[in-house]
Amino acid sequence: MVVFVPRCIVGSLSVFASVDQDGREYFVEGLELNTRRTPSDCDVERPDSFVCIRTSSEDCLPDHLLVSLSSELKKSVILETLSKSNKGASSAFPENSAKGAHNFSACSNGKMNHKDLQPAREDFRDLNFLTEEKVYEILSLCSESEDYSPLIRVIGRVFSSAESLVQSFRKAKQHTKEELKSLQAKDEDKDEDEKETASGSSTAMEVEPEASASSGDGSSHGENNVQKFDPVEVSVDIEAVRRVYDRLLSNEKIEAAFLNALVYLSPNVECDLTYHNVYATDPNYLNVFIIVMENSNLHSPEYLEIALPQFCKAMSKLPLPALAKLAWLWSQYGTDQIRRLIETFQQLITYTVISNEFSSENLVNEDDGVVAATKCLKIVYYANVLGGDLDTGHNEEEDDEPIPESSELTLQELLGEERRNKKGPRVDPLETELGIRASDCRKPLIPFEEFINEPLNDVLEMDKDYTFFKVETESKFSFMTCPFILNPVTKNLGLYYDNRIRMYSERRITALYSLVQGQQLNPYLRLKVRRDHVIDDALVRLEMIAMENPADLKKQLYVEFEGEQGVDEGGVSKEFFQLVVEEIFNPDIGMFTYDESTKLFWFNPSSFENEGQFTLIGIVLGLAIYNNCILDVHFPMVVYRKLMGKKGTFRDLADSHPVLYQSLKDLQEYEGNVEEDMMITFQISQTDLFGNPLMYDLKEGGDKIPVTNENRKDFVALYAEYMLNKTVEKQFKAFRRGFHMVTNESPLKYLFRPEEIELLICGSRNLDFLALEESTEYDGGYNKDCRIIKDFWETVHSFGQEQKRLFLQFTTGTDRAPVGGLGKLKMIIAKNGPDSDRLPTSHTCFNVLLLPEYSTIEKLRERLLKAITYAKGFGML
């Protein structure tokens, strides 16, 4: 069989070239596949304006190909079918073609007769958009005849055309009570209503004012009177779309029509958004994406190969206002719908990653499908944030005094350089457009962890990705711009690269200073401290640096204990941090209060220490992150939220002041008369460091304002504000200032959420020694099968929790697991001579344990326990 097709639709045929289906082959002859022509280029008088499609079978073209052919710009496809028995009667005239175009299903084994050429049923050729009622009407007709070809063709024509989709499934206008009464009077004349519905005319639907921005006949959106509306107000009836999909997707043939239409739709939509700026002309263009994304089968294998990647590329071309509007709309969806959207894009990313071999030569960053799906997943991520428990208020005020710039800035400008991120840390444009931050969300609709794609993290070359992140070119995509998809380990690696490059930059600038100004070369942040005066020595040195040149804090830390031999390759710094934390958080000093029930510290509002001490704590926390060290600090989560710019609220009292939280919660839920039964006012009392009561008015004249059922929420909010913000305002500002001295130019706030900041500073509390055993390497003649190594791990696994912490402290310099757990800790066990009475030793800088080959497991246990128990200081052998 031979079919002649106009050149103008040859682009839609390219995806079906050389398809083998049910033993039949289809291919295009006589024209280059990627050529695109307009309908005006099709001259029925010229044979060269057609493409010949030849099939090895005498059967007709399959429905999935007809769907594509019949969808080009809503024009009738001009086809001429010739059976083998009648090859000489070929004709390319429209009067013959028009009949053949809609009668392929009538063909059988290449035999046709005059009766077959007559239209036997309604073909809905003039239907240019769909409504829910029209779909059900066509479906009913098809069910009666058991032939779904008309519906398949309509779906193919409408769902492959952006103009048609924009017009489809519009919301009905909300009528007033008077209009509803008049409509009820007209309900008796149902025949007339059905006639109007069947006509498919745009006048049959009364749409919202914004829907009028698109013309009913699918013409170009030239002079539209676009009206502004609420962020979530759209003209498409989403519930109707869902009902239609539910009815149609159960039929396999109809499902294939959706798939093929999407294949053809996506490139045209991408072109419209890239070159024609259609959304600016008609905001209703967003309906295309709303309707397509309601298809619950998008994550199925059939879509993952071709259709979904192309559609994601088109969606990623939406302008920022459209992305924001889509995020607002999806935020109104329920949990199940949000999860379906997440799974759709995650499935595409995972499928692409595991189907390809990515490496340093073939970067996953260069895969258009993965990149586009990640950008689309970002829309769902912000929808998840917007739909969750959001707190956009309660933001901390920025420090009145800006952090002083380094004096090195002048030299950098002389060298033609700009200080990185001079305008502050990076902010996601979509986040700015929406006016929210991830830290504003206390509880999202779906846990943030479900956005992490582990297969992607496994193949991501983080050094390359970080480079793309810093360069910020449009041609290279960085997954660090979508941190929600990365796990904490991967993000920590990106932060590590940023910190190390910063350290290298500071060393380079220092070297240039020494050449230009003759200053003494000091490329490191050197701290020389006495072990028994570590706080005083560190405070004096760090305060001088903070005042003279804060940029020195961004140099690599180099600690030296006076009177001790030890080259700081990281291990001495770890011990320094440990000693500082132990001393500063000592309750006897009085800088922090300790809650026995929660095992957490809080700022002491009555502390006698000056602000410099709290600034030091902030600097220490910042330096720990900057130098990749873990601290044994125990703060409630509200501290990390406040570091990220949020104020403490009533809900934060749950972990910082649990007794007070429960009392205030009981007050809010009390069902009796609060004023008469409790007799409390807006004046509260606190106890100072010496046990003396202090009175404070939450409102002016608070002692005369009783707390009632009506104002108790105000009382609770003001009480929480006082406890978490006002009483510690001076101490926390100094603390935050010190922290920002080190991290103000870091992508820390961009990459991490508050709970991840805690993990970054404190490490993981889960000590999985089996994971540590799996990741440990051996040197000096040892391997995992040696007797001494087997004895060693048997001994370590038999330790209690406290002994395991001592072992980690002895070997690595900290008793916490790094981000990602002990499996991410690269420990090395090296042979340190034959059996002897020497104790095991360690190089904490490199996580190396030097272990003599003890003769018995008992001796190994005794020597190891002694070593880890008395292990403070350097030089003990």
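Residue numbers start from 1 along each chain as its sequence is written, and side-chain values use heavy atoms, with hydrogens and water left out. As the model is a prediction, local features need pLDDT of at least 70 and side-chain atom pairs count only at pLDDT 80 or more, while totals for chains, interfaces and linings use all residues.

Helices here are DSSP runs (H or I, at least four residues), numbered from the N terminus. Helix H10 covers residues 252-276 and helix H14 residues 307-315; their axes come within 8 Å and cross at roughly 25°. Axes are lines fitted to C-alpha atoms over the stretch in contact, and angles run from 0 to 180 degrees between N-to-C directions. That makes H10 roughly parallel to H14 (angles under 35 degrees count as such, and those over 145 as roughly antiparallel). The crossing is left-handed, that is, the near helix is turned anticlockwise from the far one by less than a right angle. Contact means heavy atoms within 4.5 Å. On the H10 side the contact includes Leu 259, Leu 262, Val 263 and Glu 270, and on the H14 side Phe 311 and Lys 313 are among the residues involved. Sorted by class, this contact has nine nonpolar, two polar and two charged residues (Ala, Val, Leu, Ile, Met, Phe, Trp, Tyr, Cys and Pro count as nonpolar, Asp, Glu, Lys and Arg as charged, and the others, Gly among them, as polar).

H14 also packs with helix H16 (residues 335-355), at an angle of about 115° and with the axes 11 Å apart. This is another left-handed crossing. Here Leu 308, Pro 309, Cys 312 and Met 315 of H14 meet Thr 344, Phe 345 and Leu 348 of H16, which gives six nonpolar, one polar and no charged residues.

H10 supplies the largest share, four residues. The lining splits into seven nonpolar, one polar and no charged.

Further along, helix H28 (residues 658-669) packs with helix H30 (residues 712-726) at about 165°, axes 9 Å apart. That makes H28 roughly antiparallel to H30.

Methods: Helices (H or I, at least four residues) and strands (E, at least two) are DSSP runs, numbered from the N terminus. Angles under 35 degrees count as roughly parallel, over 145 as roughly antiparallel, 65 to 115 as roughly perpendicular and the rest as oblique.
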